[in-house]
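Biologist: I would like to learn how to read a model of this kind, one feature at a time. Could you take me through it with the general idea before each case?

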Amino acid sequence: MSFHLGEGSVRIEFDEGLYPKDAIYGAAYVFIDRCWVHLDRAGDRRIQVTLKAKKAGADTQAYAGEFQNELLGQAWRLRIVEENKKLVETITARALGGAAGPPGLDELLAMDIGEETAFEDPLGIAMSWEEKYKKKGKAEAGGGSDGASGGEKAS
């Protein structure tokens with residue numbers, strides 16, 4: 001990164017390998033209210049930004065420092081966006097899917113559920129109560145089959 005001061009302007013060159021073009025464009029956009037901004041190519045991998053103050057007597061060296069700080073902030077924002085892209089897409093898809101409401105009868109009938117997966121029960125949730133507790137039930141019934149249970153007498 002290098003910068004050259006001129007009269008009422010500053011020229012800054014950045015290596016495109018270090019700073020993405022989108023970050024440079026974002027930083028330049030922040031300065032369009034105070035400066036005339038000119039972007040140009042300065043070699044194969046370098047981008048040149050020229051900031052010319054709109055007001056006479058502005059501190060162009062301060063603009064150069066502010067631009068570099070803004071460029072770092074923009075590059076950091078781009079990195080955060082890239083890292084969280086999947087999360088943002090997932091949340092957006094869920095929000096839009098929820099806004100559509102539950103599927104209607106036509107959509108449910110149109111769904112293709114294969115017979116091989118329609119009746120699978122890997123957790124054993126669909127088991128009836130009798131099937132689940134039949135061993136326990138037989139043991140209780142077998143223990144009291146002699147007619148006398150507890151303190152009762154057979155008549």
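Predicted model: local features only at pLDDT ≥ 70, side-chain atom pairs only at ≥ 80, totals over all residues.

Biologist: Which residues have the most contacts inside the largest nonpolar core?

Modeller: In soluble globular proteins, nonpolar side chains tend to be buried together. A nonpolar core is a set of buried Ala, Val, Leu, Ile, Met, Phe, Trp, Tyr and Cys residues joined through side-chain atoms within 4.5 Å, where buried means under 20% relative accessible area, exposed over 50%, and partly exposed in between (1.4 Å probe, protein chains only). Here the largest such core has 19 residues, and those with the most contacts inside it are Ile 12, Phe 14, Ile 24, Leu 51, Phe 67 and Leu 71. Two or more residues each come from β2 (9-15), α1 (21-30), β4 (46-53) and α2 (60-83), and α2 gives the largest share, 5 residues. Helices (H or I, at least four residues) and strands (E, at least two) are DSSP runs, numbered from the N terminus.

Biologist: Against which elements do the buried residues of α1 pack?

Modeller: Contact means heavy atoms within 4.5 Å. The buried residues of α1 are Ala 23, Ile 24, Gly 26, Ala 27 and Ala 28, and they pack against β2, β3 (35-41), β4 and α2.

Biologist: Is Gln 48 buried or exposed?

Modeller: Gln 48, which is found in strand β4, is buried, with a relative accessible area of 17%. Leaving aside neighbours within four places in sequence, Gln 48 is in contact with residues including Arg 11, Glu 13 and His 38; the C-alpha atoms of Gln 48 and His 38 are 8.1 Å apart, although the two are 10 residues apart in sequence.

Biologist: How many salt bridges does a search of the whole structure find?

Modeller: A salt bridge is a side-chain nitrogen of Lys or Arg within 4 Å of a carboxyl oxygen of Asp or Glu, and the search finds 6. One of them joins Glu 13 and Arg 46 at 3.3 Å, N to O; because Glu 13 lies in strand β2 and Arg 46 in strand β4, the pair ties together parts that are 33 residues apart in sequence. Glu 13 is buried at 15% relative accessible area, whereas Arg 46 is partly exposed at 26%.

Biologist: Which residues do salt bridges that share partners join into one network?

Modeller: Arg 34 meets Glu 66 at 2.6 Å, N to O, and this pair links the loop between α1 and β3 with helix α2, 32 residues apart. Salt bridges that share partners join Asp 33, Arg 34 and Glu 66 into one network, the closest N and O atoms of Arg 34 and Asp 33 being 3.8 Å apart.

Biologist: How many of the 15 residues of α3 are buried?

Modeller: The number is 0, so α3 lies largely in the open. Just after α3, Gly 101 takes a positive phi of about 85°.

Notes
Residues numbered from 1 in each chain as written. Heavy atoms only, no water.
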